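Here is a short briefing on one protein chain. Please look over the sequence and the model first.

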Amino acid sequence: TDNYAVVGNPIAHSLSPRIHGAFAAQTGQDIHYGRQLVEEGAFAAFARGFFASGGCGLNVTMPFKLDACDFADELTERARAAGAVNTLKKLHDGRVLGDNTDGAGLVSDIRDNLGWVIRDRRVLVLGAGGAARGVLLPLLAETPERIHIANRTVAKAEWLAKEFSADAEITAGGLEEFPCAFDLIINASSAGLSNEMPHLPEKILGENCKAYDMVYGAEPTPFMCWAKARGATVADGLGMLVGQAAESFFLWRGLRPDVAPILQQLRKELQ
Ligand code: ATR
């Protein structure tokens, strides 16, 4: 039995063991996937011990994604771009690879589960923190017409846009002025977590606008309510959670699980 775990603080409510358990059952993989609470500052010591004692891979969540990035001996391109690691994999030579599957999970949820188009569309990313940075490279890889990053602190949006500007048309600004209307709006700000929602001008919603919140819960988020009340099609981030897990599972096991049944199951249990 190959050993995996999710590490975080807090970790008790993580759905990852459920999701990976379902993937393993579905694909007939003999793995054990646990959960591990680690104290802040103790990530590297834990990870070293885990891999030294035969562990094959870790998922890493708050607040250890930067620690995991430092811990990895080698990074994938998308992990380097994200500046954060949510998946560690022990390689054959004993070194540990750091990857970030959040962006791929977001893109596959939007494109494959929801059937929304990213290519040639005008995309707005709200927020310029770790969550936004983590998904920009995979979003850009879908070749949208443009990406605009809007953030309360404008300078952070500008730094982020500059960092990724080699790859596509990517602009930045604050939450008051926007360069155009958008086809797809992705909320990557943590404002909704405290049930807040910055005031946004209605005109950012283009025709047939799609609005995606990276956060999920039993109830629609404030951002989803705002967008839906103005005619947009909305989705929360539960599919991204399952999508990033599927991408981690693929990195570890070389198999792509079917995300639809587990996503349906989790959705039912959330209600
Ligand atoms: P995460 O890892 O979730 O991205 P983060 O790196 O702390 O967390 O980033 C939080 C993001 O949410 C930032 O873009 C932040 O805006 P600032 O850069 O201006 O701080 C945004 N955010 C948090 N609370 C907000 C609020 N009440 N209104 C608007 N934006 C908010």
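In which helix does K65 lie? K65 lies in α3, which spans residues 65-71. Helices (H or I, at least four residues) and strands (E, at least two) are DSSP runs, numbered from the N terminus. This is a predicted model: local features need pLDDT of at least 70 and side-chain atom pairs count only at pLDDT 80 or more, while totals for chains, interfaces and linings use all residues. Residues are numbered from 1 along each chain as its sequence is written.

**The annotated site**
- The unreviewed UniProt entry marks K65 as "active site". UniProt positions follow the numbering used here, feature names are shortened, and annotations may be inferred rather than shown by experiment.
- K65 is buried because 23 other C-beta atoms lie within 10 Å. The cut-offs are 20 or more other C-beta atoms within 10 Å for buried, 12 or fewer for exposed, and anything in between for partly exposed, with C-beta atoms placed from the backbone.
- K65 touches V60, A84, V85, N86 and G130, not counting residues up to four places away in sequence. Contact means that the C-beta atoms of two residues, placed from the backbone, lie within 7 Å.

- T61 sits in the loop between β3 and α3.
- T61 counts as partly exposed because it has 18 C-beta neighbours inside 10 Å.
- Leaving aside neighbours within four places in sequence, T61 contacts V6, G8, S14 and N86.
- T61 and V7 are 54 residues apart along the chain, yet their C-alpha atoms are separated by 6.2 Å.

**The six-stranded sheet**
- An open sheet of 6 strands runs in the order β2-β1-β3-β5-β6-β4, with mixed pairing. Strands pair if DSSP finds at least two bridges between them.
- The edge strands, β2 (31-37) and β4 (74-75), each pair on one side only.
- Strand β1 (residues 2-8) runs parallel to β2, and 7 bridges join them. V6 stands opposite R35 in β2.
- Helix α1 (residues 16-27) packs on the sheet and touches β1, β2 and β3 (57-60). The direction of α1 makes about 175° with that of β2. Axes are lines fitted to C-alpha atoms, for helices over the stretch in contact, and angles run from 0 to 180 degrees between N-to-C directions.
- Helix α2 (residues 43-52) also packs on the sheet, touching β1, β2, β3, β5 (87-90) and β6 (96-99). The direction of α2 makes about 175° with that of β1.

**Strands β8 and β9**
- Strands β8 (residues 146-150) and β9 run parallel, joined by 4 bridges. H148 stands opposite T171 in β9.
- Side chains alternate along β9 (residues 170-173).

- The domain assignment gives domain 1 (2-100 + 239-270) and domain 2 (103-236). These bounds come from an automatic or database domain assignment.
- The C-alpha centres of domain 1 and domain 2 lie 25 Å apart.
- The contact takes 15 residues from domain 1 and 17 residues from domain 2.
- On the side of domain 1 that touches domain 2, α4 (77-82), α9 (238-253) and α10 (259-270) each supply at least two residues. Helix α9 gives the most to that side, with 6 residues.

**The C-terminal annotation**
- The unreviewed UniProt entry gives "domain: SDH C-terminal" for residues 237-267.
- Residues 237-267 are 81% helix and 0% strand, and their end C-alpha atoms lie 11 Å apart.
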